[in-house]
Amino acid sequence: MSKKLGLLLAFAFLSPLALATDFVSTSTLTGFQLPKGALELTDEDFSEEMVDLLDTTAADLKGKCQYHELLYWDGKPDVIAATLNRAIPKEFKYKLLDVGETDDGGTYEQFVLTTPKMWIAGTWFQSEADVTLAWCTVVKK
């Protein structure tokens, strides 16, 4: 799996700022407050491989992705992760599905956040210098 993710990162994020829509403070997908500096990327930045990865995660949950969101932060990955974790409402349960390293020396986590009314599948990519979060709402098939 990590070879696929390494290749995915190489193609998907060579120039992540190229098609950015804007800096955002709140996730349009979840409504969560986001750490400062969140850049929402456009659908054109969402590589087919990234969509496939989220769709596979959703299918493993016996569902399908309904809406996608791609966010990018430059700098201080540990601070960004801690800030986002504090912003996730307590009613969401976190389940780690997969974790590993990418070919470029970064790490990734595939996860699901759930409440009785909402499921979110996501992948968190973290390098020494930046973070990318791809996630989607999951609906039952």
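**Notebook: a walk through the predicted chain**

I began with Lys62, which is exposed at a relative accessible area of 63%. My scale here: buried is under 20% relative accessible area, exposed is over 50%, and partly exposed is in between (1.4 Å probe, protein chains only). Before going on, I noted that this is a predicted model, where local features need pLDDT of at least 70, side-chain atom pairs count only at pLDDT 80 or more, and totals for chains, interfaces and linings use all residues. Residues are numbered from 1 along each chain as its sequence is written, and side-chain values use heavy atoms, with hydrogens and water left out.

**Overall layout.** I found three helices and seven strands in the chain. I take helices (H or I, at least four residues) and strands (E, at least two) as DSSP runs, numbered from the N terminus. Along the sequence I read the pattern α-β-β-α-β-α-β-β-β-β. Of the 141 residues in the chain, 46% are buried.

**Positive phi.** Back to Lys62: I located this residue in the loop between helix 2 and strand 3 (63-74). Its phi is positive, about 65°, although Lys62 is not a glycine. I then looked up Lys76, and its phi is also positive, near 50°, again in a residue other than glycine. Lys76 sits in the loop between strand 3 and helix 3 (77-87), and it is exposed, with a relative accessible area of 64%.

**Helix 2.** Is Thr57 buried or exposed? I have it as buried, at 3% relative accessible area. Thr57 belongs to helix 2, and its side chain reaches the backbone oxygen of Leu53 at 3.0 Å. Glu49 is in helix 2 too (residues 48-60), but this residue counts as partly exposed because its relative accessibility is 37%.

**Surface patches.** Which residues gather in a patch of negative charge on the surface? I listed Glu48, Glu49, Asp52 and Asp55. For patches I use residues with over 30% relative accessible area and no salt bridge, joining like charges within 9 Å and nonpolar side chains (Val, Leu, Ile, Met, Phe, Trp, Tyr) within 5 Å. A salt bridge here is a side-chain nitrogen of Lys or Arg within 4 Å of a carboxyl oxygen of Asp or Glu.

I also noted a nonpolar surface patch of Tyr94, Leu96 and Val99, which together have about 290 Å² of accessible area. Such areas come from the Shrake-Rupley method with a 1.4 Å probe, and for residues only the protein chains shown count as cover. I placed Val99 in strand 4 (residues 93-101).

Note on methods
Lys, Arg positive; Asp, Glu negative; His and termini not counted. Charge placed at Lys NZ, Arg CZ, Asp CG, Glu CD. Polar contact = N/O pair within 3.5 Å; in protein donor to acceptor, adjacent residues only side chain to side chain.
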